[in-house]
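Please keep the sequence and the structure in view while reading.

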Amino acid sequence: MSNLLSKASILLTPTATSDGKLHNVKPNTTTGDFTFTRATTATRVNSSGLIESVASGLPRIDFLGGTGQILLEPASTNRLTYSEDFTQSIWTNARSSGATNQITAPDGTTTGYKLIDSTDNNTHLLFSTQTVTTSDVFAFSIFLKKGSLDNGFIAFDSNINQSVVFNLQNGTIVSTGTGITSSKIENFGNGWFRCSFTHTPTSTSRSYRVGTYNGSISYTGTGNDFIYCWGASLEQQSFSTSYIPTSGGTVTRNADQAINSGDTNLINSTEGVLYGELASFTNSGEPERNISLSNSTANNTVEIGYSSGTNLARFRLRANNVTILAQNSAVSDTTQFIKIAIKYKSGEIKCFINGSQVISDTSSFTFSESLSELAFDRGNGSNEFNGKIKSIAVFKEFLTDAQL
């Protein structure tokens with residue numbers, strides 16, 4: 001812990017979890033702990049790099065990328081009733097064949113599926129036709145690994161232009177076709193990549209596809225070339241959330257909620273600092289997401305988080321039900337971790353991103369009630385924070401610009 005963070009009155013880090021709580025890691029205190037709730041199991045990437053299930057009611061520390069981070073996600077449902085068993089009737093091979101249990105999957109089991117092309121001069125794929133709703137955003141994802149072929153593709157229909165091609169050797173996106181809102185590839189280790197896209201269906205029936213690629217989506221196959229597949233998801237979301245396994249029916253993961261942290265002894269209602277090292281799941285398309293010091297309402301708040309716009313950090317301060325400051329600041333990519341802070345006292349409010357001051361305000365104000373709660377929302381339960389957290393700190397003192 002740095003000397004500066006040791007001065008915090010409340011400090012949450014990815015090591016601060018046990019028995020259904022997110023603990024204030026400051027020594028000799030139990031105040032500042034969050035009570036954590038989630039009514040269902042959920043998955044995370046553990047410190048060994050494997051996907052594993054976490055029991056209901058327990059917070060998740062996710063190690064995707066190698067560094068621990070607190071994971072707070074909204075509720076989501078995997079609409080694909082068989083996410084790993086591609087021999088089930090919801091899946092159909094088209095000009096391809098498959099072999100089950102061929103390779104170690106991202107969860108450490110030997111359940112990776114080998115998708116093999118045919119000798120046809122056409123596309124070679126596995127697909128599942130799903131009923132969806134138009135005008136809503138859907139996210140399709142699947143884990144892919146290179147085999148004899150370096151590339152693979154995923155798509156939402158038979159039109160080869162409605163697809164995303166991925167290089168499974170170096171973890172890059174080769175091309176993104178029409179009708180795709182966003183696409184992403186994430187390295188899960190051991191050669192596995194989670195490949196995903198989002199789109200807004202224009203028809204209530206869509207064919208979600210994964211296929212081999214050999215210089216083109218449509219090509220003359222050898223009957224022997226292949227890639228590996230595992231863990232497919234279809235979610236009615238603007239991004240793919242943590243993997244939700246299914247084996248015979250749809251599965252819903254409930255939202256993560258961390259509540260009831262802080263007291264007036266830990267939060268200064270005259271001056272102080274709210275700091276976080278945060279990342280969002282997506283850089284646009286989501287509502288405002290906040291972390292706040294408040295009096296359990298939105299009348300008196302100090303807030304940091306993300307705006308509903310694209311790649312915008314958000315700062316706000318309200319006193320006696322009056323907005324004193326509400327401003328956004330552009331960042332390059334909100335899906336990457338940023339260090340964000342707001343320091344406040346009457347007559348001087350300053351906001352920082354990654355050590356650089358981005359906003360300054362000289363408005364005077366007085367909170368009509370004491371700030372008593374640290375919350376992953378606006379203080380009144382709205383605009384809940386969804387994202388990844390490396391640390392949250394509350395300082396009861398007005399730190400210097402140099403310290404921030």
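## What counts as a pocket

In this predicted model, a pocket is an open set of grid points with protein on both sides within 12 Å along at least five of seven lines, and its volume is the space filled by probe spheres set on those points.

## The largest pocket

The largest pocket holds about 940 Å³ of space. It is lined by 45 residues, of which Lys-184, Glu-186, Ser-240, Phe-281 and Lys-388 are the closest to its centre.

Several strands give two or more residues to this lining, among them β5 (42-45), β8 (69-72), β15 (138-146) and β35 (387-395), while β19 gives the most, with 7 residues. Sorted by class, the lining of the largest pocket comprises 21 polar, 15 nonpolar and 9 charged residues.

## The second largest pocket

About 180 Å³ of space lies in the second largest pocket, where 13 residues form the lining and Leu-4, Tyr-275, Lys-339, Gln-403 and Leu-404 are the closest to the centre.

Strand β31 (residues 338-345) supplies the largest share of this lining, 3 residues, and by class the lining of the second largest pocket divides into 9 nonpolar, 3 polar and 1 charged.

## Cysteines

The structure holds 0 disulfides. For Cys-195, the nearest cysteine sulfur is that of Cys-229, 9.6 Å away, whereas a disulfide needs two cysteine sulfur atoms within 2.5 Å.

Cys-195 counts as buried because its relative accessibility is 0%, and Cys-351 is likewise buried, with a relative accessible area of 0%.

Definitions and conventions. Residues numbered from 1 in each chain as written. Predicted model: local features only at pLDDT ≥ 70, side-chain atom pairs only at ≥ 80, totals over all residues. Heavy atoms only, no water. 1 Å grid on protein atoms, 1.4 Å probe; cavity = no way out; pocket = protein on both sides within 12 Å on 5 of 7 lines; lining within 4 Å. Helix = DSSP H or I, 4+ residues; strand = E, 2+ residues; numbered from the N terminus. Nonpolar A, V, L, I, M, F, W, Y, C, P; charged D, E, K, R; others polar. Buried < 20%, exposed > 50% of the residue type's maximum accessible area, 1.4 Å probe, protein only.
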